[in-house]
Amino acid sequence: TTSLGGVNDYGVLFEWDPDSNIYIRRFDFDSVVTGCLPKGSLILADNGYMYGMTSQGGTYGMGVIFQWDTRTNTFTKMFDFKGTETGSHPNGSLLQANTGYFYGMTVDGGLNNMGVLFEWDPENNSLIKKVDFNGNSSGKFPYGSLIQADNGMLYGMTTEGGANNCGVLFAFNRGNDSFAVKMEFSGTATGKNPHGSLLQAKNGRLYGMTVNGGLRDNGVIFEYDP
């Protein structure tokens, strides 16, 4: 997907064939009906459909979850974010856990308007808010995506909040819905304001980056051992 461009300048969904280097624009986002400005990536789910999110647009102007069928080139809006109840303005991608449920985050919305972590069931199209980010104790404004580590836990980051207001790295346990901050970014020593997502390497450790902080305040690459 692209965030802008297309017929309505609200972004498009495209297909590219690396063998022939042929690009096909498959769908134009139109704001109210389909959502607009997708910021994250598509994922391929176990059921064969692709799923993604838009950061804005939809019924409430706060973004949507959508489904794309590559077999029929059909777009279906699945869910409209609506603010306090569900979160708003997702900027990352969805994650399908080994249970089949999808997990994601929004930058805004929730009880504190600092973003949420949610669970979405595509079978009945129900979304359950699992965590309301609140600033100091849990971080705020997550811009990236969640990952599921080898230990079954979901890990993610917020770009601000925590004790130093530089963002946090957290773990979420789907089994008991428990949330725990694992690391608080501090600035020069560890970096600050991560905007992307984590990656688990073959050694079991998690790697990521921050936009700011470090010795020159230009960001860092870091390693975290869960």
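Close-up 1. A search of the whole structure finds 16 aromatic pairs, a pair being two rings of Phe, Tyr or Trp (its six-membered ring) whose centres lie within 6.5 Å, with planes under 30 degrees apart counted as stacked, over 60 as edge-to-face and the rest as tilted. In the pair shown here, the ring centres of Phe 29 and Phe 75 are 5.8 Å apart and the planes stand at 85 degrees, so the arrangement is edge-to-face. Because Phe 29 lies in the loop between strand 2 (22–28) and strand 3 (43–44), while Phe 75 belongs to strand 6 (residues 74–80), the pair ties together parts that are 46 residues apart in sequence; strands (E, at least two residues) and helices (H or I, at least four) are DSSP runs numbered from the N terminus. Both residues belong to one aromatic cluster formed by Phe 27, Phe 29, Phe 66, Trp 68 and Phe 75.

**Close-up 2. The aromatic pair of Tyr 51 and Trp 120.** These two rings form an edge-to-face pair, with 5.6 Å from centre to centre and 70 degrees between the planes. Tyr 51 lies in strand 4 (residues 50–54) and Trp 120 in strand 9 (residues 116–121), so the pair ties together parts that are 69 residues apart in sequence. Tyr 51 is buried, with a relative accessible area of 1%, and Trp 120 is buried as well, with a value of 0%.

**Close-up 3. Arg 71 over the ring of Tyr 49.** The charged end of Arg 71 sits over the ring of Tyr 49, 4.9 Å from the ring centre; the criterion is that NZ of Lys or CZ of Arg be within 6 Å of the ring centre and within 35 degrees of the ring normal.

Close-up 4. Nine salt bridges are found in a search of the whole structure, each defined as a side-chain nitrogen of Lys or Arg within 4 Å of a carboxyl oxygen of Asp or Glu. Asp 28 meets Arg 25 in one of them, at 3.3 Å from N to O, and Arg 25 counts as partly exposed at 45% relative accessibility. Lys 82 forms a salt bridge with Glu 85, the closest N and O atoms being 3.8 Å apart; Lys 82 is partly exposed at 34% relative accessibility, whereas Glu 85 is exposed, with a relative accessible area of 52%.

**Close-up 5. The salt-bridge network of Arg 205, Glu 223 and Asp 225.** These three residues are linked in a network of salt bridges, within which the closest N and O atoms of Asp 225 and Arg 205 are 3.7 Å apart. This pair links distant parts of the chain, with Asp 225 in the segment after strand 17 (221–224) and Arg 205 in the loop between strand 15 (199–200) and strand 16 (206–209), 20 residues apart. Arg 205 is partly exposed, with a relative accessible area of 31%.

**Close-up 6. Cys 36 and Cys 166.** Cys 36 counts as buried at 4% relative accessibility, and Cys 166 is buried with a relative accessible area of 8%. The structure holds zero disulfides, a disulfide being a pair of cysteine sulfur atoms within 2.5 Å.

**Notes to all views.** Residues are numbered from 1 along each chain as its sequence is written, and side-chain values use heavy atoms, with hydrogens and water left out. As this is a predicted model, local features need pLDDT of at least 70 and side-chain atom pairs count only at pLDDT 80 or more, while totals for chains, interfaces and linings use all residues.

Technical notes: Buried < 20%, exposed > 50% of the residue type's maximum accessible area, 1.4 Å probe, protein only.
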